[in-house]
Structures are given as C-alpha cells and as structure tokens.
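Thanks for coming. I will talk you through one structure, so please have a look at it first.

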Amino acid sequence: KTFALHRALKIAHANKEQGIPVLRVFSYLFALAFRNLSLYRAVQLDESEGGFGKDVCHRFLKSPTTDWQLFLNVLSSRIMRWLSALTSDERKETFIIDDTSYKRNRARRVELIARQYDHCLHEYYLGFRCLCLAWSDGNTTIPVDYALLSSEKQRGALEASRLDRRSRKFRVRSEAVMKATTVVLRLLKRAVKAGFKTQYVLFDSWFTCPSLLSELAKLGLKTIGMVKQGE
C-alpha cells in the first residue's frame, strides 16, 4: 500500500480480465523467494488452502503485454522518493551500472541465445549478459532497470522475424542486439524520465568510452569510472 503496488502493475500493463487478481498472483510469486520453495512445490503445499494452480502463475509470467522493465522503473522511483525524504540532502546519490552472466547452458531453443564469455571465470557459456542499472545513496541500493543482451551477430535473425515494430516484443529484442554502451544510455534516459535525480554514474572501465561520456554529460550526469589505457 505504501508504494501503490497495484497501480505500478497497472501502468506496466499487467492486467487480467477475470480470475485471480494480478496483485495476489504477484505477491504469491514474490513471496517464494522468502519461503525457499520452487513454484511446483509451493503450489502442491497450497492446494489444501484453496490456492490457484501453477498454470495461473505461468500465464502471468509469460504474458506478452506485461512490461517488467517499466514496472521496475516505476516501483523503484517511488521507493527512491520515499527514501530521499528520510536522508540528508548532503548525501550523494548515484547510478551504478554493471553486467552479470545469465547462463542457460542447458537450453536448446531460446530466442536470440548466444555464446558469451565470462570475464570472471574466463570461460564461455550459453546465455545472455544481464545489464543492470541501480540507484544508491551510499547506504541503500535499489534496482532500477535491466536489459538482457545477446550478440550483434543475432541481428540478422531479428530482422528476419515478423514482429510488429510498434510492439514491446520488438523493442526488447532489438535492444538485446545493440551495443552495451548504447543500451546503457537508453536505461539512463528511462531512469531520468522516471524522476531519478542524481548527479553521478558509476561503472567500470568496460563501459568507459568517450562517446558515452559525452552523451552522459548532455544528460547532466558526471561519470565515475576507470579510463581504459589509450582512451
């Protein structure tokens, strides 16, 4: 109720015409992380309590109309404003950008899946790079936005598809085959539009390039990051 969760779901087009309310399904799935249960096992335990089946959860998660990026953006902006009222105006707020491995090594038929390199383990894997944007005031860190990155080599498969270019499907898939620095700029623009007011962006040398720094300066953002040798 504090962050009007039901309204955030509605803005993200997580709607249902009938049946179990969306907020109830979302709350049930969110609570699984704290119950240490899989969806299959949780549904089995809740059958005696009149709960809904796993098909309801799968349909909710696979809905093509739900914009989870927008939902996270809206919800995190409300939490940020709530936290800002509790902290000092002298505290510096910043965006944090980093990517992590999203492995799907056992997958056989996943759209736009690509062979990626894990720089921490120094090995290749099958899956995506999950580019994450977070907000921090030095004490609390909130996830703001994300994007799953494939490979630019997959662009041909995307162009050959028959997706409606006005749909969210096409936007997400086209974003997956863009350069990471281009997607970083898109995430930051969405965050600024959502109401995040920070002065700094923090990332590592992987994202530090003159073109990105120039674009961030146009948004009024100062960059904190290690510069590559030769840049």
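I will go through the nonpolar cores and then the salt bridges. Keep in mind that this is a predicted model.

Start with the inside. The largest nonpolar core is made of 26 residues. Within this core, F95, I97 and L188 have the most contacts. Which elements each supply at least two residues of this core? They are the helices α5 (68-84), α8 (180-194) and α9 (210-218), together with the strands β1 (94-103), β3 (123-136) and β4 (141-149). The largest share comes from α8, which gives 7 residues.

Take F95 as an example. Leaving aside residues up to four places away in sequence, F95 touches L133, A134 and W135, and also L188 and A191.

Now the charged side chains. In general, side chains of opposite charge can pair when their charged atoms come close. In this model the count is 10 salt bridges, and I will show three of them.

One is between D67 and R171, with a distance of 3.0 Å from N to O. What does this pair tie together? D67 sits in the loop between α4 (54-61) and α5, while R171 belongs to helix α7 (residues 168-176), so the bridge joins parts that are 104 residues apart in sequence. Are the two partners buried or exposed? D67 counts as buried because its relative accessibility is 11%, under the 20% limit. R171 has a relative accessible area of 24% and is partly exposed.

The next pair is D118 and K103, whose side chains meet at 3.8 Å, again N to O. D118 is buried, at 9% relative accessibility, whereas K103, at 36%, is partly exposed.

The last pair is E215 and K218, where the closest N and O atoms are 3.5 Å apart. Both residues are in helix α9, and because they are 3 residues apart, about one helical turn separates them. E215 is partly exposed at 29% relative accessibility, and K218 is exposed, with a relative accessible area of 63%.

Finally, some salt bridges share partners, and these join D145, E175, R186 and R190 into one network.

Key: Residues numbered from 1 in each chain as written. Predicted model: local features only at pLDDT ≥ 70, side-chain atom pairs only at ≥ 80, totals over all residues. Heavy atoms only, no water. Core = buried A, V, L, I, M, F, W, Y, C linked by side-chain atoms within 4.5 Å. Buried < 20%, exposed > 50% of the residue type's maximum accessible area, 1.4 Å probe, protein only. Helix = DSSP H or I, 4+ residues; strand = E, 2+ residues; numbered from the N terminus. Contact = heavy atoms within 4.5 Å. Salt bridge = Lys/Arg side-chain N within 4 Å of Asp/Glu carboxyl O.
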